[in-house]
Amino acid sequence: MYIKYFRFLVAILFCAITSCSTVREKPRPATSTGKEAKREFRGAWIQTAFQGEYKDMTPARMKKDFIRKLNYLQACGINAIIFQVRPEADAFYKSDIEPWSRFFTGEQGVAPAGEFDPMAFLIQECHKRNMEFHAWLNPYRASTAGNTRFADSHIYHKHPEWFVTYNKQILFDPGLPESRQFICRVVRDIVDRYDVDAIHMDDYFYPDGGYNDDGTYAYYKDEYPDKAAWRRSNVDKLVKTMDEKLHSIKANIQFGISPRGIWANKSDMAEGSDTNGGGSYTAIYADSRGWVKNGWVDYIMPQIYWN
């Protein structure tokens, strides 16, 4: 029991100490109301992929567990929940595009009892408590350890050529336009059908150092002689397209990303920080600084995993 609560509190602490800066400010009222509007982002992540706690729960027990967590977090002053709705190109919500998650029902593609929709339930409960709901997606990951048994409806069966295997994980190939188009289609579906306050992506872009993508790169190397620059451009295209599509659907929606806290180390680039850890720009080809400068994200939430 102590271990379980410790993990939960660590998740809260992670968000409490994670820095967050808004880069697309919403307009302030023209006249003062005498009170300064609260603009702090106090968020907590609720992950679904790694402890496996939900697959053994009935919908009734899951609802009770969610309510317990939300009540506790509300009492702590949390005003936003970042809930992992898509850990493996699957769904913790009702979708006609991707199958139900194995982390939800125990087997990918198997529907929950009564077609219970966790995301719809959590949105309703969050909004009751005046908390935002941020739908957290892992954009490229399709299998956390290569041992996922894909449901018949999973996109992997229809387009295996869109995927690569790296370190026992199965990932969408970021170099393919089809991968970006599919991911954006999934997100558009969420925003069209659910009253989410934000779409959130974490730091799973290219894996550390990339992988053998010579076959895909061969089509683009005349335009991008530098493979690293090509990889960064692929991630940039996803982020930029996501930003444009989201705000064309719903003007006031937020788009946030939690990249590695180090953009680049000074030892790698002159403009880098005086740090010593995995840099986002060089290790996973994610130009988080560029996204902020270009205004492609509404908030950036760096993950502070380094010494």
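**Helix H2 and beyond**

Analyst: This is a predicted model. In helix H2, the buried residues are Met62, Asp65, Phe66, Lys69, Leu70 and Leu73.

User: Why do the buried residues of H2 line one face?

Analyst: Looking down the axis of H2, the buried residues fall within an arc of 130°, so they line one face of the helix. In general, an α-helix has 3.6 residues a turn, so residues three or four places apart point the same way.

User: Which exposed residues are on the face turned away from the buried side of H2?

Analyst: That face carries Ala60, Lys64 and Ala75, which are exposed.

User: How many residues does H2 have, and what does it span?

Analyst: H2 covers residues 59-75, which is 17 residues. From its first C-alpha to its last it reaches 24 Å, close to the 24 Å expected at 1.5 Å a residue.

User: What comes just after H2?

Analyst: Gly77 is there, with a positive phi of about 95°.

User: Strands now. Is E4 mostly covered or uncovered?

Analyst: Mostly covered: E4 runs over residues 132-137, and five of its six residues are buried.

User: Which strands are joined to E4?

Analyst: Strand E3 (residues 80-86) is joined to E4 by six bridges, and the two run parallel. Strand E8 (residues 198-201) is joined to E4 by four bridges, and that pair also runs parallel.

User: Which residues face each other in those pairs?

Analyst: Ile81 has Phe133 in E4 as its bridge partner. On the E8 side, Ala135 stands opposite Ile199.

User: What else is Ile199 in contact with?

Analyst: Leaving aside neighbours within four places in sequence, Ile199 has contacts that include Ala135, Leu137, Val187, Ile190, Leu246 and Phe255.

User: And what about the largest nonpolar core?

Analyst: The largest nonpolar core has 75 residues, and Ile199 is one of those with the most contacts inside it, along with Met119, Phe133, Val196 and Trp291. Helix H6 (residues 177-193) gives the most to this core, with seven residues. Apart from it lies another core of five residues, among them Trp45, Ile82, Trp136 and Tyr299.

User: Last topic, the whole chain. How many helices and strands, and how much is buried?

Analyst: The chain has 10 helices and 10 strands. Of its 307 residues, 52% are buried.

User: What about the accessible surface?

Analyst: The accessible surface comes to about 15,300 Å², with 50% of it belonging to carbon and sulfur atoms.

How values were computed: Residues numbered from 1 in each chain as written. Predicted model: local features only at pLDDT ≥ 70, side-chain atom pairs only at ≥ 80, totals over all residues. Heavy atoms only, no water. Core = buried A, V, L, I, M, F, W, Y, C linked by side-chain atoms within 4.5 Å. Buried < 20%, exposed > 50% of the residue type's maximum accessible area, 1.4 Å probe, protein only. Contact = heavy atoms within 4.5 Å. Expected span 1.5 Å × (residues − 1). Arc of directions from axis to C-beta. Pairing = 2+ DSSP bridges. Areas by Shrake-Rupley, 256 points an atom, 1.4 Å probe, with all protein chains shown as cover.
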